[in-house]
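Here is a brief report on one protein model.

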Amino acid sequence: MRRARGRSIAAALLLGCLSLAACAEDAGNGNGTGTGGNGGTATNGGTDPTEETPEARVGLAFDVGGEGDQSFNDSAVAGLQQAIDEFGIESQKVSPNDDGSNRAELLAQLAEQGFNPVIAVGFAYDEVIADVAAEFPDTTFAQVDGSNAVFDGSSKGPNHTGLLFAEEQGSFLAGVAAALKTETDHIGFVGGVDIGLIQKFEAGYVAGATAVNPDIVVDVQYISPAGDFSGFGDPARGKIVAQGMYDGGADIVYHAAGGSGGGVFEAAAEADALAIGVDSDQYNTVGDPALQEVIMTSMLKRVDVAVYEFISSFIDGTVEGGTDIIYDLEVDGVGLATSGGQIDDIQDEIDSYKQQIIDGEIEVPTTP
Amino acid sequence: MNLVRRVGLTLFAPTLALIVALAISAIVILAIGESPLVALRELFNFGDSSASQIQAVTVILNRAIPLFLAGLAVSIGFRMGLFNIGVEGQYRLATIMAAWVGSAIVLPAPLHLLLIVVVAMAVGAIWAGIAGVLKVTRGVSEVISTIMLNFIAIGLASYLLTGPFRGTPEGSLTIATEDLPESGRLASLNGLLGQLGLAQPRTDLSGFLIPAIVVGVVVAVVVKRTRFGFDLRASGLNPAAATTSGVNAKGMVVKAMLISGGLAGLIGLPDLLGDTYHYGTEFTSGLGFLGIAVALLGRNNPLGIAFGALLFGFLDRAALSLQFAGIPSQVVTIIQGTIVLAVVIANEVARRIAIRQAERSGANLPTAGPPAGEQPATVAT
């Protein structure tokens, strides 16, 4: 036993020495190899020989949470992948460190290494993207969830495009669906973090529900206050909050809580009630058949469409810049998922509300 | 001979820790199907031009400064045998109060800066002091109270930010306090770099580098060379003995917590004074917890903490170049974690070896009593 341990320590030491030696060796001859972009980055999907290879090298900077969140960030990846498949472009995906302190450096390095366009995913880039865009005027930037306009009235620059979503419109339809489906006239909303972006979801949802039934009871609760982003990644607390709503009589709960949503689904399954997913079609991404059953629908936010269309317009040379592109119901930038078929019977009514929003007959509020 | 052995022992632990951590990281990188050699190259890949190398160093230093201050804050508690886990809450609360006071008042530049620093240190000290007072008057473990105070501090900071201290209008996605006026901002060191004939980095080298070094030196001198520092270390090593020799143990607990909290108040200032000029929802969080790791890494010695902070900054920068080489940035988190674990284990191994050696020499020379007591002490400090 003791001997075996001794041997494994020796093995570990040996490996360490090897890697150190490799390092020393590398310092000698490795200086010539250029920075980055030399492994696992280039992708070349079936390029049409009749077409010229486009110049776009897309840099995609994730929000904290990064690739693999089965939601927001992965939707951006899907859009990028579609562009890669279609145009055969090169791309580079990067995530910030856990506390997001290197976001500016992330964008700047992408721009510096010649990636163009650079797409930042998330409003969290608000604080830094204007400076970086000014520093690299020849690079085209886009920001999912971040408006080009700054609150003081200025712009984030002519080379920055905001890719915004009318979350309140999609959430309105989610509220309509919930109000039509509820048997207790009591529904709930779980927000991840109490910030403006998530309040848009709440405002639309409540407006939609009360449009169907003015007397409906809507419980609203946020997992964490502004400044504490743990509410987007805490399924345990998501479950507790949702449980409270189900125990209180709600039978459908809509969540806009990112990774905490898994807990909401679990609470729904235990209470034999229903839940509404968010961002991507969570019926397909949740993975667990028991949880699939409780996902009545999901409010889709087509980040993939926005990312794909932006890359495509960059290649066409039609990016305007200095403005926002808004993805709303009219262009199907937001909407309800139908996987699972649980809202098929009320689809006509949902479509009628959708049409009224598109026609401007219903004005959906953006703040609660 | 004794000196050689002692130096060898001091260097043995970190070296062993680094080798073990690198080995484990290499295995992890192999396991995810990437090359450890590429990873190692990217760790040291600072770019080809001198501008990009200066930029890389700037990024490392800017990251290391708050980590160094956080490590110092935690280490003061450790020296006393106090585990101040509340550095996180202390600096968050200190930063928002400092940001608010700084933006509400206009003073001539040096005074304005001084006021912001004093507010930050005072708020941090008071918040940590609560835990100290609870410990001496009510016997509440500072581990529990500082964790609980973290929740309160973060909640309170959120309330202040979204309520009375809010500087951004309703409806904006990120929430922040009002920006500091010009007189409350700290100039970057880029001008100095220029005078030294170095290339200009793309981002500003934080002007807080110099105050941070000064604070480090002051802490080192106070702990090593003053009566107070001696009492602090004595209380940490053997509280009973310290009390017997006339140290006011209760007073020392409160003082240590106040100093620890005051240092914690500085953590947010490099960003506040030199980069963002406000506290907001996007303000860097988690530095207080990283400080615990940095203090462990530096074995509570200011110089060691500086190395620990630089190492973390160095690894943090590499997270980006690793991604450009197709290696997930989480590898860096794994390396950081294994290094800290390995350092803790190696310290323990070194301590045991030291004790065994001391016992052996004690057996051979019955008169060599004092060194036997001193050996573990030098390892522990």
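What share of the contacts in chain A with a separation of 6 or more comes from residues 24 or more positions apart? The share is 68%. Contact here means heavy atoms within 4.5 Å.

This is a predicted model, in which local features need pLDDT of at least 70 and side-chain atom pairs count only at pLDDT 80 or more, while totals for chains, interfaces and linings use all residues. Residues are numbered from 1 along each chain as its sequence is written, chains are lettered from A and ligands numbered from 1 in the order in which they are written, and side-chain values use heavy atoms, with hydrogens and water left out.

**Chain A overall**

Chain A holds 12 helices and 12 strands. Both are DSSP runs numbered from the N terminus: helices are H or I with at least four residues, strands are E with at least two. Of the 368 residues in chain A, 53% are buried. Buried means under 20% relative accessible area, exposed over 50%, and partly exposed in between, using a 1.4 Å probe and protein chains only.

**The open sheet**

In chain A, 6 strands form an open sheet in the order S2-S1-S3-S4-S5-S11, with parallel pairing. Two strands pair if DSSP finds at least two bridges between them. Strand S2 (90-94) and strand S11 (323-327) of chain A are the edge strands, each pairing on one side only. Neighbouring strands of this sheet are turned by 20° against each other on average, direction ignored. Helix H4 (residues 126-135) of chain A packs on the sheet. Helix H4 touches strand S3 (118-121), strand S4 (141-144) and S5 of chain A, and its direction makes about 170° with that of S4(A). Axes are lines fitted to C-alpha atoms, for helices over the stretch in contact; angles run from 0 to 180 degrees between N-to-C directions.

**Strand pairs**

| Strand pair | Sense | Bridges | A bridge partner pair |
|---|---|---|---|
| S5(A) and S11(A) | parallel | 5 | Leu163(A) and Ile325(A) |
| S8(A) and S9(A) | parallel | 3 | Val253(A) and Ala275(A) |

Strand S10 (residues 295-301) of chain A is mostly covered, with 7 of its 7 residues buried. S9(A) is mostly covered too: 5 of its 6 residues are buried.

Arg79(B) lies in helix H3 (residues 50-79) of chain B. Arg79(B) is buried yet has no salt bridge. A salt bridge is a side-chain nitrogen of Lys or Arg within 4 Å of a carboxyl oxygen of Asp or Glu. The nearest side chain of opposite charge, Asp231(B), is 13 Å away. Lys and Arg count as positive, Asp and Glu as negative; His and the chain ends are not counted. A polar atom of the Arg79(B) side chain lies 2.8 Å from the backbone oxygen of Asn300(B).

Thr338(B) sits in helix H15 (residues 330-364) of chain B. Is Thr338(B) buried or exposed? Thr338(B) is buried, with a relative accessible area of 13%. Leaving out residues up to four places away in sequence, Thr338(B) touches Ala21(B), Ile24(B) and Ser25(B). The side chain of Thr338(B) reaches the backbone oxygen of Ile335(B) at 2.9 Å.

Conventions: A polar contact is a pair of N or O atoms within 3.5 Å; within protein, one must be able to donate a hydrogen and the other to accept it, and residues adjacent in sequence count only if both atoms are side-chain atoms.
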